[in-house]
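Let us walk through a protein model together, one step at a time. Take a moment to look at the picture before reading on.

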Amino acid sequence: MKVLLIVPCYRESSRIGLFLPELCAEMDRLGDVRVMVVEDGSGADEQLKMKALLDAWQVQYHCLKSPLMLDENVGKGGAVYEGWAQAVDEEWLAFVDADGACPAREVARLIGIVRSQDSRSRAVFASRVKMLGKNVQRLLKRHLLGRVYATLVSEMLNVPVYDSQCGLKLVPRLAYEQVARSLAIRGFAFDVELMVALLKIGCPIEEVPIDWCEVAGGKVSMIRDSWRMAKDVWKIRSERGIVVG
Ligand SMILES: Nc1nc2c(ncn2[C@@H]2O[C@H](COP(=O)(O)OP(=O)(O)O)[C@@H](O)[C@H]2O)c(=O)[nH]1
Ligand SMILES: [Mg+2]
């Protein structure tokens, strides 16, 4: 089963080199995965830097396709959705953060799960669960804020989700296409809206605990973005209601 894997990038030329080659090597080993960077509104200099890096890697890695370079900033969600709109014959749509916080081997493992017999029509969301047997490293303040946000999402929307914000998700294309036109949020809370929309059409979602090691240089602002994301969750609840069941 083919997978289109989007790597949303905003001003990532200094971080991407630590992750993308490793990711592409892993995806080439796996086969049937197209990797595409979507970069939006980072400025001409930054886009030139990124293009030069990607041109070189494209020669080396078969899975790496030409990037989508957009002039305007469309947000993380906007970039993921623009990327998914480029699907050709892929049955699965996915995204992973550009900084390598989620290791390439975990991306490969989750692709293995969706390709397995019993989870064909089930979306798979990676989840950062600090538990025995998993290695999740995050700054304490980000872990705590993340837990507050995730609990808020879970309670407000009546979804027993543990971590709605993890930067690795895989969605069956058919299910996504049923909900795509209804999705309005393009910022960091886009995946909460996506989750609710999928559940409402009866597409099951499985959370899978992964290893995660936070990488410095993240763009999410603890104050500004948390406030925006909380407002977005409220908007999702007002417009879509809670998830029943
Ligand atoms: N294309 C695009 N990607 C974005 C945008 N905002 C964030 N991202 C990407 O979203 C991913 C997660 O962002 P990151 O800064 O690592 O978040 P943090 O670690 O939670 O602070 C990274 O791959 C970013 O480049 C955006 O406006 N456009
Ligand atoms: Mg990050």
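A salt bridge is counted when a side-chain nitrogen of Lys or Arg lies within 4 Å of a carboxyl oxygen of Asp or Glu. Arg128 and Asp163 form one, with their closest N and O atoms 2.8 Å apart. What you see is a predicted model, in which local features need pLDDT of at least 70 and side-chain atom pairs count only at pLDDT 80 or more, while totals for chains, interfaces and linings use all residues. Residues are numbered from 1 along each chain as its sequence is written, chains are lettered from A and ligands numbered from 1 in the order in which they are written, and side-chain values use heavy atoms, with hydrogens and water left out.

Let us stay with that pair. Helices (H or I, at least four residues) and strands (E, at least two) are DSSP runs, numbered from the N terminus. Arg128 sits in the loop between strand S5 (123-127) and strand S6 (136-137), and Asp163 in the loop between H5 and strand S7 (168-172), so their contact ties together parts that are 35 residues apart in sequence. Arg128 and Asp163 are both buried, a word that here means under 20% relative accessible area, with exposed over 50% and partly exposed in between (1.4 Å probe, protein chains only).

How many salt bridges does a search of the whole structure find? There are 18. Another joins Arg15 to Asp99, at 3.4 Å from N to O. Arg15 lies in the loop between S1 and H1, and Asp99 in the loop between strand S4 (92-96) and helix H4 (104-115), so this pair connects parts 84 residues apart in sequence. Arg15 counts as buried at 10% relative accessibility, and Asp99 is buried as well, at 12%. A network of salt bridges links Arg15 and Asp99 with Glu12 and Lys219.

Now turn to the strands. S1 and S2 pair in the parallel sense over 7 bridges; two strands pair if DSSP finds at least two bridges between them. Glu39 in S2 is the bridge partner of Cys9. Together with helix H1 (residues 20-30), S1 and S2 make a right-handed β-α-β unit. Right-handed means that, with the strands pointing away from the viewer, the path from the first strand over the helix to the second runs clockwise. From S2, the chain crosses through helix H2 (residues 44-60) to S3, again in a right-handed β-α-β crossover. S2 and strand S3 (residues 68-70) run parallel and are joined by 3 bridges, with Val38 opposite Leu68.

In a regular strand the side chains alternate between the two faces of the sheet. On one side of S2 are Val33, Val35, Val37 and Glu39, on the other Arg34, Met36, Val38 and Asp40, and all are buried.

Finally, look for open space. A pocket is an open set of points on a 1 Å grid over the protein atoms alone, where a 1.4 Å probe fits, with protein on both sides within 12 Å along at least five of seven lines; lining residues have an atom within 4 Å of a point. The largest pocket holds about 1,200 Å³. Of its 50 lining residues, the closest to the centre are Lys76, Arg142, Phe188, Lys219 and Val220. H5 gives the largest share of the lining, 8 residues. Lys76 belongs to the buried residues of H3, a helix with 9 of its 10 residues buried.

How values were computed:
Grid points are joined across faces, edges and corners, and a volume is the space filled by probe spheres set on the points.
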